Amino acid sequence: MLNHNSEQILSCCDSAVIMDDVVEAYGWAIARDGVRSVEVFSDSKLIAGGSYGGARMDVHKVYPDYPDSIDCGYYVSALLDKKLSDDANIILRITTKTSQTMDIPLKHNKELRYRPCHFHEMFIHSDGHIHPCCVTLRDDLIIGHINDVDIIEKIDAFHARCSCDSFTLRRASRDDKKRYFFINIEMSLLCNAKCAQCSVDAPSWHAKYDLYSSLTRIIEQLRPMTIAVQGGELLIQKKSLDWTAQIGRRYPDMDIMLLTNGCADMGIVPFVNETFDRVVISIYGFQPETYKKTTGLELSKTLSFAEELIRHGKCKVNLKYLTTPINLHEVNLFLRWALWLLPERIILADSNIAQYINTGTPDRFWEKIEERTKQSVQDELRNARAALKDSGCTIVIDSVNRKRLGIEELTGDEVLGKHITSPAKSRTALLGRGTGLM
Ligand SMILES: C[S@@+](CC[C@H](N)C(=O)[O-])C[C@H]1O[C@@H](n2cnc3c(N)ncnc32)[C@H](O)[C@@H]1O
Ligand code: SF4
């Protein structure tokens, strides 16, 4: 909400967390005579100061004539010595360089949406850096390194600004307990494929990976309920598979997930079935030549592995189709196959196709391909209603593909509405580095 003071001071608080002993707020503020400070007061007592001057090009575009509008972002944060009382009067105060002030009341919020994400989930990068989730491109979201002797203290003290579809990260309060639902572990990037779209650039990775004992230590300290392991391709990494199997034996109640391209020999199926509770198989095209040009691998081998794993039936199988510019038109073929197998989950995730393609050409080529794909995908889903009805299969579709494939047009249907969901509601569906969901 925009707050203003006769156009002298304008401000907007994008997020404010006032919970127990945690105060954290960020947004932007501009003033005709320039902003001097942004602070938080509780019953007139200063409880949190912060920084002013973060880049806000979005604000500058709308208010270019205000001084400093280009760098008008603020971030105020504090961990207090004692809890705020529920009836405390909390104010965010903007003070200008000529000492004019504007007070914005902040409410206590106890919604679950605000949470210390790093107390519940984390992503361990192949280089050993630990992040609160899979957003690994931001240096300010590095908590520390798995080999740091004080890594637990670093986790306790960590805080940064971050929001996703599901949560807004906040500082941990003294009352917060670490309870790890999920740790996502990226091990060696060694891979049997040469995927053109690989989000971790595994094909050009030549380093050596040896962080197994550090991983064992962190698992021992944090005791997550679920871990996901990925590479590179774990099914060709003996040490990574041995480590995972040994963790499974040591912690039989822990859920262990594997992310794989599934292009593996049939002989490994019994081991995979025994070691993992859930296996997510990425499929990068559904015609042999498309798949081969993208990955360098044989589609038939991947499909046979997936079918055999589902036939064995012990671990849950998720079939994930990553849409790229050269496989989008084959989504319906993938869906026909996946809906015949009815695994635990069928996932459609986008690889940010918009960055590769050119819409708006005179012949509207891409729009026509998308429209035809949408029609064939909708037909496939409608035809699968009867099979889906009594199955436990969920179809998870990310927001880009939902829009592109007109999925909202289908979810009014009782059966499809029940079986089609989004990654935000099924948080362990998209687990790659950079997906921004975990
Ligand atoms: C890098 S892969 C490693 C695991 C395994 N080799 C595989 O391909 O599934 C981890 C995850 O990233 C996803 N992924 C690969 N390339 C991607 C891209 N360009 N954009 C988004 N996700 C991608 C995969 O589908 C997979 O779920
Ligand atoms: S199989 Fe996975 S890790 Fe290997 S190149 Fe493809 S996306 Fe990257």
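Which strands does helix H8 (residues 331-341) lie across? Helix H8 lies across strand E18 (278-283), strand E19 (316-323) and strand E20 (345-350).

This is a predicted model, in which local features need pLDDT of at least 70 and side-chain atom pairs count only at pLDDT 80 or more, while totals for chains, interfaces and linings use all residues. Residues are numbered from 1 along each chain as its sequence is written, and chains are lettered from A and ligands numbered from 1 in the order in which they are written.

**View 1. Helix H8 over its strands.** H8 runs at about 170° to E19; the angle, on a scale from 0 to 180 degrees, is taken between N-to-C directions of axes fitted to C-alpha atoms, for helices over the stretch in contact. Contact means C-beta atoms, placed from the backbone, within 7 Å. Helices (H or I, at least four residues) and strands (E, at least two) are DSSP runs, numbered from the N terminus. Buried means 20 or more other C-beta atoms within 10 Å of a residue's own, exposed means 12 or fewer, and partly exposed is in between, with C-beta atoms placed from the backbone.

**View 2. The eleven-strand sheet.** This open sheet has mixed pairing and the order E13-E12-E11-E15-E16-E17-E18-E19-E20-E21-E22. Its edge strands, E13 (144-145) and E22 (420-421), each pair on one side only; pairing takes at least two DSSP bridges between two strands. E13 runs antiparallel to E12 (residues 129-131), with two bridges joining them, and Ile130 has Gly144 as its bridge partner. E17 (residues 255-260) and E18 run parallel, joined by four bridges, one of which pairs Met257 with Arg278.

**View 3. Val279 and the cores.** Val279 is among the residues with the most contacts inside the largest nonpolar core, along with Ile185, Leu258 and Leu319. That core has 84 residues; a nonpolar core is a set of buried Ala, Val, Leu, Ile, Met, Phe, Trp, Tyr and Cys residues joined through C-beta atoms within 7 Å. Another core lies apart from it, with 33 residues, among them Ile9, Val23, Val40 and Tyr114.

**View 4. The four-strand sheet.** Here the open sheet goes E5-E4-E8-E9, with antiparallel pairing. E5 (45-48) and E9 are the edge strands, each pairing on one side only. Seven bridges tie E4 (residues 35-42) to E8, with Val35 opposite Thr96 and Glu39 partnered by Arg93. E8 is joined to E9 (residues 101-106) by six bridges, and Ile91 stands opposite Pro105.

**View 5. The loop at Ala207.** Ala207 is found between strand E15 (182-186) and helix H3 (212-222). Ala207 counts as exposed because it has 10 other C-beta atoms within 10 Å.

Methods:
Contact = placed C-beta atoms within 7 Å.
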